[in-house]
Amino acid sequence: MIKFKKICSALTALSLTALMAVGCSEKNEGSSSAPSEETTKVPDDTSEEDENYNTGDASLDKIRNEDGIGDNELLVISFGTSFNDSRRLTIGAIENDVEAAIPDYSVRRGFTANIVIDHINRRDGILIDDIEAALKRAVDNEVKTLVIQPTHLMNGIEYEEIVEKVAGYSDAFEQVVFGDPLLTSDEDFSRVEKAIVDWTSEFDDGETAICFMGHGTEHDANQVYQKMQDRLTADGYENYFIGTVEAEPSLEDILAKLKDGNYKKVVLEPLMVVAGDHANNDMAGDEEDSWKTVLENEGYEVKCLLRGLGENEEIRKIYVDHARAAIDSLK
């Protein structure tokens, strides 16, 4: 857990210390890679007219950029997604649960992906705060205690960048503290394992492989995926497999394990907070290189579950507990 206090030493040293703390605390969980382990890609050359799919009604999502915050703010920071329904059902649900559990703090939203923010703004006319805007809003509202709760899976590259950026504003607040990402402690891994196993138990029929697709990162934090795989295997869930889009374990690694079993069917689900571009296209798309198509070409019957981890109540409870722990550390 990272804490900044106004009485701390020079800002540069503070930022460096925070980054060192991140690296030590989470070489077993991570925020993301470049750009993120939960990235929702929106290519620079994509226009709203080019979208041939409906991501839902953006007006149903609460963007949480109101002023009048008060002394205490709890800023929930996410990479973001332009898939409106998924954003509401995942990030929005986490924010709602945090707000209900910690009513003494005003919950606000910040996204790290400006390309996603700009896309939503152009397409739907809705502007979500980026980190700079969210921090400036907190300063302008004279917030005294700022709690940052990331929705990232791990402490990786993007998480470190958030810490560094917040450090630049630390003197503006009396206290600043970070809650942990999803997969930080051994207890977190156990809770996430139980949550995803319980969530998919209806498909565990002896002939179905249940595969989760993570993003992957070049950061050392990528080891969280293998750690989760090792836990699942050790606990007897030998038909559960973890893979990543951009790192290891890869789809090829999963395929090799599937061929060692007698599986007829495969269930695919994102190991990401949101079900955005990676889930809809890289996992469940009809392109020849999507996980669904590759597995179907291998002869498996494939079912795709387009739901982000943020839709799981037990996963959301972990984020709430991390935010509570951060606040308790200030007492």
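First, the accessibility terms: buried means under 20% relative accessible area, exposed means over 50%, and partly exposed is anything in between (1.4 Å probe, protein chains only). This is a predicted model, where local features need pLDDT of at least 70 and side-chain atom pairs count only at pLDDT 80 or more, while totals for chains, interfaces and linings use all residues. Residues are numbered from 1 along each chain as its sequence is written, and side-chain values use heavy atoms, with hydrogens and water left out.

**Overall tally**
- The structure has 27 salt bridges, each being a side-chain nitrogen of Lys or Arg within 4 Å of a carboxyl oxygen of Asp or Glu.
- One network of salt bridges ties together Asp61, Arg64, Arg87, Glu95, Glu99 and Arg109.

**A buried pair**
- Glutamate 269 and arginine 307 form a salt bridge at 2.8 Å, N to O.
- The two sit 38 residues apart and link distant parts of the chain: glutamate 269 is in strand β8 (residues 265-270), arginine 307 in the loop between β9 (301-304) and α12 (313-328).
- Helices (H or I, at least four residues) and strands (E, at least two) are DSSP runs, numbered from the N terminus.
- Glutamate 269 is buried at 1% relative accessibility, and arginine 307 is buried at 16%.

**Partly exposed pairs**
- Aspartate 186 bridges to lysine 227, with the closest N and O atoms 2.9 Å apart.
- Aspartate 186 is partly exposed at 45%, as is lysine 227 at 22%.
- Within helix α12, glutamate 314 and lysine 317 lie three residues apart, about one turn of the helix, and their side chains meet at 3.2 Å, N to O.
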